[in-house]
Amino acid sequence: MDMSAEDQARMESAMTAVQLQLGSASPVLERDIKDALWNYYFDVDESVAYLRAKNKLAAKIAAAKAAKLAAVAPAAAAASLPAPGADPSVPEGGKKLSKLQLKMLASQAARKAPSVPTPPPRAPTPPPTALPTLPPSPPSAPAFSLRAPPSHFASTLAPASPAPLDLLARIERALGRDSAIASAGIPAFAGPSPDDLVLLARKGTSLGVAPKRISQTEKGRREIPTAVRETLARVDTHARQDLEGMNLVPAASTSSATASSSSSVGGADTPPPPPVTKVAKEKILEEVRRKEKDEKPVLSLVVVGHVDAGKSTLMGRLLHELGVLSDRALQANQRQAQKIGKASFAYAWTLDATDEERERGVTIGIAIDGFETASKRFTLIDAPGHRDFIPNMISGAAQADTAVLVIDGSNGGFERGFEGNGQTREHAVLVRSLGVQQLVVAINKLDAVRWAEARFENIKALLIPFLSQTGFHPSKVFFVPVGATTGENVVARESEILNSWYDGPTLVEQLDKLDVPPRSLEAPLRIPVSNVFRGQSATASGLAVSGRIESGIVQVGEELAALPGDGVGVVRSLEVDGVLVPYAVAGVNATVFLSGIDPRNLSVGSVLCPIDQLVPVVSGFSAQIIVFDLDYPIPAGASVELFHHSKDIPATISSLDAVLDKVSGAVIKTKPRMLTKSTSARIHVQLRNPTSGPPRKAEMPLETFATNKSMGRVLFRRGGITIAAGIVLEVLP
């Protein structure tokens, strides 16, 4: 089979996991394991089930053949016994018989042989002591059955549902620790009965009793039968952690898993306490502060700008120049781009990876990659430039520390993006409203005007006052001329014309000089979810979410709540930049693999937080906003679309409280009738209940700007245009 380097890595990782589950004594060949993993797309569980079923069937067939030969052997041996002093194969007539005839004669002789006489009866013995009657044992299964195991398709449609104790025993055997289960004395009928399963499935529906409201300390804890609870209390800590990680038993805290049987088996009215992670986080803080001196800090960088300014091409070129994009991958993109007549999009296809993006030639979703400079590590976020995909751009910009604003420096290119309905203005306003303070302006495509200094200075003169008015400090704005197609001044500068008038840093050098903002490591954990998916690799599989850690620390084994909703899950594993890590801190983009949580409780826009430090879930709030350029004023009662990180929800500006001075914040006018452009105001916002689906109250997780800056910023859009942005002053239930 032909496999890529990535497939080979996945194959080796998956083979190790399969061999661990099968055990060293398994007769399964390595070739069969590879074939199974290839057929099941590296799914370890499916491959192990297939190999075990195949091995079991082969053993049954061999046993059946052995039993059949054992039954025929005595008769054949009796028939082959020769008469005394005669050749057994030569009858009285003198003609030699065949083997088949000998077997037939032996069979006839066995049937005509007299039966063994019955021995005389023994003397009567005293009756034995009466014993309690035992139930009849079930008939043993035949040694061989023609019934084939269910196919993979049938197993997918109707998967088997083994009892929790069966799963526990199977996993313990695979891990080589079945002695803990064997010595535990698992009682019979400890698992739920079929009726219990039906009643459990009806809970929370119209067929069942109304569900009991669960307190915050009891969320996510499923009741365990007493027998199972006692058994799990005796299982060693490592086995318990493995089972929790594979979502085969409900998650329990570290303290309860290692406590004595009497304390951990408490009744349903006394649930175990939430996991204690304070001490561990203090140690993590010490380690993080110690590593800050030796390791490179991490910055999140979002690339924005008008459509067709060359954002994806510039970042693809940067990744190739820094060695992140290999020559082989670039050549593959070039061949594919030439086939559809878009050879100039080869670098852009590094980040524009979907079929729709490549066919249309524009970025639609956000793409995340990474690279390193001399002193920093960057998380690269490529955002779309088309106005139809502004919500995706907002989701990407909300995860960034700094931004690169790409400008089309060709004749007429800058004017198309800066004037009229161009996205250069709106993107600059959006990134500043979302907390970005440092901006690198990359003036691209100057090679189309022969690196004209006048063109560069003209664009710079128009942008500086606009960016200052938007809120960027002039000392935090940096202008760099680049050529994405040729790679000029991205990593190195070779053009003599450009060198004649520009002696500043290259794009990579300028990025390396950016400051790292302070991180809120000691604040409560907050992870706004930007994507929900299922992991496909052997080491990272199951339900996963990705997003930027805005504050706090998250570690493997921690119990997190997903708001809004009642979902609670346990962190099964963490991944940062494609590497599994034991913990992750504020400022990085992480992938969190969860277990024990219903996928319906997770969606884009949810916020993960500790169960004892929940983020407020509100239906209204008061905010201080800045109104942007708009065609029509904003009256009280105006309908808007509210954006908070990756969440967008319909809302109403219920009241206009006051107009404020932009500099001092003093109240200029109370209860204005409407808000015009460039106005600062204090307003009340009420979320609108959804009109489709079941009736429910509109809610969203939100905090005040004073409590958590990144969780207290909001944007308002109307008619496809961003009309205002602001900070949350007070949250309302």
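Me: Where does Asn489 sit in the chain?

Reply: Asn489 is found in the loop between β6 and α21. Names such as these come from DSSP runs, numbered from the N terminus: a helix is H or I over at least four residues, a strand is E over at least two. This is a predicted model, in which local features need pLDDT of at least 70, side-chain atom pairs count only at pLDDT 80 or more, and totals for chains, interfaces and linings use all residues.

Me: Why is Asn489 called buried?

Reply: Its relative accessible area is 0%. Buried means under 20%, exposed means over 50%, and partly exposed is in between, with a 1.4 Å probe and protein chains only. Asn489, at 0%, therefore counts as buried.

Me: Which residues does Asn489 touch?

Reply: Leaving aside residues up to four places away in sequence, Asn489 touches Val480, Pro481, Val482, Leu498, Tyr502, Pro505, Thr506 and Leu507. A contact means heavy atoms within 4.5 Å.

Me: What makes Phe418 and Phe466 an aromatic pair, and what kind of pair is it?

Reply: Their ring centres are 5.4 Å apart and their planes stand at 90°. Rings of Phe, Tyr and Trp (its six-membered ring) pair if the centres lie within 6.5 Å; planes under 30 degrees apart are stacked, over 60 edge-to-face, and the rest tilted. The pair is therefore edge-to-face. Phe418 belongs to helix α18 (residues 413–418) and Phe466 to helix α20 (residues 453–470), 48 residues apart.

Me: Why is the pair of Phe456 and Trp501 called tilted?

Reply: The centres are 5.4 Å apart, but the planes meet at 45°, so the pair is tilted. Phe456 is in helix α20 and Trp501 in helix α21 (residues 496–501), so this pair ties together parts that are 45 residues apart in sequence. Phe456 is buried at 3% relative accessible area, and Trp501 is buried at 18%.

Me: Which residues form an aromatic cluster?

Reply: Phe414, Phe418 and Phe466 form one cluster. The structure holds 6 aromatic pairs.

Me: What makes Arg425 count as lying over the face of Phe418?

Reply: Arg425 is 4.1 Å from the ring centre of Phe418. A charge sits over a ring if NZ of Lys or CZ of Arg is within 6 Å of the ring centre and within 35 degrees of the ring normal. Arg425 also lies over the face of Phe466, at 5.0 Å from the ring centre.

Me: How do you know that β4 and β5 are paired?

Reply: Two strands pair if DSSP finds at least two bridges between them. There are 7 bridges between β4 (residues 402–408) and β5 (residues 438–444), so the two are paired. They run parallel, and Asp408 has Asn444 in β5 as its bridge partner.

Me: Which sheet do they belong to, and what makes β2 and β6 its edge strands?

Reply: The sheet is open, with 6 strands in the order β2-β3-β1-β4-β5-β6 and mixed pairing. The edge strands are β2 (367–372) and β6 (477–481), because each pairs on one side only. From one strand to the next the twist averages 25°. Axes are lines fitted to C-alpha atoms (for helices over the stretch in contact), and angles run from 0 to 180 degrees between N-to-C directions.

Me: Why is strand β12 said to be mostly covered?

Reply: In β12 (residues 567–576), 8 of its 10 residues are buried.

Me: Which strands pair with β12, and in what sense?

Reply: β11 (residues 559–563) pairs with β12 in the antiparallel sense over 4 bridges. β15 (residues 589–595) is antiparallel to β12, with 6 bridges, and Ser573 has Phe593 as its partner there. β13 (residues 579–581) is antiparallel to β12, with 3 bridges. The β11 and β12 hairpin has 3 residues between its strands, and Gly565 in the turn has a positive phi of about 125°.

Me: How confident is the predictor in the protein chain?

Reply: pLDDT is the predictor's confidence in each residue, from 0 to 100. The mean is 77, and 71% of residues reach 70 or more. Residues 128–134 are below 50, and beyond near neighbours in sequence that stretch has 0 contacts in the model.

Methods
Residues numbered from 1 in each chain as written. Heavy atoms only, no water.
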